[in-house]
Every structure is written in structure tokens, then in C-alpha cells.
Amino acid sequence: MLEYGAGGSRVAVVSETEAIANAIERYLREGAYEVDHPAWPGNFLDRARRGRDDLLAALGAEVRRRGVDREHAPVPRDLDLVSWTRRKVTPMVEGLFPAAEREAVLSLLERSVVFLTAGNIEEVLLGQMWLHTAWALANLYLSSVGAALLGPGAPSLLGLSAETTCYVSADYFAEQQRRFDDYVIHEAAHVFHNWKRRNTGLRETRTREWLLDIEFRKRETFAYSCEAYGWIVEHARTRRERIAMGQEYAAVVTRFRDEDLDAEELASIVGEACESRNGWKVILRRCAAAKKMTRRETLALLTQGAR
Ligand SMILES: [Zn+2]
């Protein structure tokens with residue numbers, strides 16, 4: 001709209017309604033927004049709340065619109081999600097944690113999985129703390145119903161973990177799941193390096209802050225290793241079969257070439273895990289962060305050669 005500026009010159013002024021509409025359109029298309037939501041009226045807190053609420057509501061409405069008359073793979077109606085998840089992650093938790101810590105980790109993970117369905121997607125979106133997570137989840141859901149994603153930069157995801165919640169596409173239950181794919185294991189593995197021991201009721205020490213200390217740049221390698229090895233452990237009946245599947249995985253692992261991940265290293269980790277008695281320990285060793293020094297070790301180093 002055009003208005004007259006103070007000097008009588010015509011300047012383009014975007015009305016508040018237009019500014020909000022533009023901000024919403026930009027968010028829907030790109031997932032982008034300004035943290036202080038300047039288009040909305042009111043003081044800082046009002047703007048933050050209204051901006052966030054309006055963007056999430058618009059996202060929910062857009063997902064509903066695009067999803068009309070489309071279906072995702074059916075999530076089994078009688079699925080007892082808590083016990084199903086517990087069973088699914090138990091071999092991984094038993095392999096990665098000492099006996100005394102397993103129950104605390106299992107209790108955390110058994111309530112962590114959410115399959116995104118037509119029945120819960122809007123509620124999930126409206127409940128998100130972070131707008132960029134909501135946008136990624138909206139795209140994850142749209143992909144599961146075969147709808148167009150929100151914009152050209154939209155990620156194509158099958159799972160996403162935020163803090164301790166693992167959001168998983170209903171594609172998980174599609175008939176044509178690929179061999180070695182298990183996004184529930186993958187997302188649960190991400191929880192280990194995202195979540196602190198003290199929030200899980202486990203003792204924290206100066207050198208042990210996270211459930212598992214995974215090297216930052218190996219986080220994806222760790223999650224993919226757990227996913228593939230978890231799948232193999234679930235499907236192989238004998239050690240020989242497990243080793244053969246590890247070799248088969250090495251041959252197809254190049255499908256990860258485009259991702260931010262070293263496919264050769266991944267194949268080598270999974271192969272070694274399959275040959276070992278406790279493959280989970282192999283994965284942990286090969287993806288662990290360099291050990292932080294204890295106080296005693298630091299002191300020893302500092303006083304070395306002091307005499
Ligand atoms: Zn991942």
C-alpha cells in the first residue's frame with residue numbers, strides 16, 4: 001500500500017496485516033522466521049507469543065490442506081507403543097550400557113517414540129518449542145502421505161529426534177521398507193548423545209555428562225551404525241548369517257554417499273560389529289569422543305617434569 005511520508009513524498013508502507021501475511025508465507029515456504037517476530041504488534045513478549053502461535057497455526061492448517069484425501073502407511077491399531085519400543089531398543093541398550101544403568105535408559109526410551117499420523121500431526125506441530133523443528137516435522141509428515149513438501153529447501157526425512165522425543169514417519173510400517181533400515185533405532189541412538197545423565201537419574205561425573213559421549217562429527221555415523229547393526233541383530237539367526245549381512249551392508253552402504261557421512265567408515269564399523277561378540281561395544285569404541293582427562297590425570301600432566 002502507498003502512503004504519504006512526512007515530506008509529502010510517496011513511500012511504500014507495508015501494513016501490519018501484509019507484514020504478518022508475508023512472514024507467514026516465508027515461514028511456510030522456507031521454514032525461516034525472525035526470532036523477535038517484528039511483523040506482529042505489541043511488546044517483545046506479545047510479539048514472541050503471537051508470532052510463534054500464528055506461524056504454528058498456519059503450518060498446521062497448511063499441512064491439513066496438503067494432506068487432504070491422502071494416506072500414510074497404517075500404524076498398527078493395536079500397537080502398545082511403550083512395550084513395543086522397549087522391546088525394540090532393549091538389545092541396543094543392553095549392548096551399550098552397564099547393567100546398573102539399563103533400567104533408567106529403557107524407562108526414558110520406552111516413552112520416547114511418536115509416529116506422526118493424521119491423528120496427531122497438528123497437535124504435535126502446535127506443541128513444538130522450536131519453529132524450525134515444527135517445519136521439519138511438517139515436511140516429514142507430508143512426505144509420508146506423498147504430498148508436496150513445503151518448499152524446495154525442505155528436508156526429506158524419515159525420523160527426527162528432539163531432546164528425548166523420537167518422531168518417526170509412518171513409512172516405518174510401509175511394506176517396502178528397505179533392508180537395514182530402522183529409523184526408530186536410529187533416532188533413539190541420537191538421544192544418547194543429546195541427553196544428559198543427570199536428566200536420566202544417572203550419576204554424572206566431570207568426564208561423563210551425556211548418556212554416551214559420542215564424537216561430534218561421528219554422531220550420524222554412530223546413529224547409522226546402530227540402525228544397521230540393530231537391524232542385522234534382529235534379522236540374523238546365526239553368527240554366520242550376521243557376518244554375511246554385515247558384508248551385504250558394506251556393498252549397499254554407498255547409498256549414503258550424498259549424506260554428511262563417511263560410507264566406508266560406516267561399512268567398516270558395521271562389519272567389525274557383526275564379527276565381534278558384542279558389536280554394540282565396537283560401535284561405541286569407534287564413535288566415542290576422545291576421553292576427557294580426569295583431574296588426577298590433568299594434575300599428573302601439569303606436574304610432569306616439574307622437578
Ligand atoms: Zn540421524
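The legends below accompany close-up views of a predicted model of the protein chain.

**View 1. The two assigned domains of the protein chain, domain 1 and domain 2.** In the domain assignment, domain 1 covers residues 2–66, while domain 2 covers residues 81–287. The C-alpha centres of domain 1 and domain 2 are 36 Å apart, and the contact between them draws 13 residues from domain 1 and 17 residues from domain 2.

**View 2. The side of domain 1 that touches domain 2, with helices α1 and α2.** Two or more residues of this side are given by each of α1 (16–30) and α2 (44–67), and the largest share, eight residues, belongs to α2. By residue class, the side of domain 1 that touches domain 2 is made up of six nonpolar, two polar and five charged residues.

**View 3. The buried face of helix α4, residues 99–109.** V105, L108 and L109 are the residues of α4 shown here as buried; because their directions, seen down the axis of α4, fall within an arc of 85 degrees, these buried residues line one face of the helix. This arrangement can be read against the geometry of the α-helix in general, in which there are 3.6 residues a turn, so residues three or four places apart point the same way.

How values were computed:
Residues are numbered from 1 along each chain as its sequence is written. This is a predicted model: local features need pLDDT of at least 70, side-chain atom pairs count only at pLDDT 80 or more; totals for chains, interfaces and linings use all residues. Domain bounds come from an automatic or database domain assignment. Two residues are in contact if their C-beta atoms, placed from the backbone, lie within 7 Å. Helices (H or I, at least four residues) and strands (E, at least two) are DSSP runs, numbered from the N terminus. Ala, Val, Leu, Ile, Met, Phe, Trp, Tyr, Cys and Pro count as nonpolar, Asp, Glu, Lys and Arg as charged, and the others, Gly among them, as polar. A residue is buried if 20 or more other C-beta atoms lie within 10 Å of its own, exposed if 12 or fewer, and partly exposed in between; C-beta atoms are placed from the backbone. The arc is that of the directions from the helix axis to the C-beta atoms.
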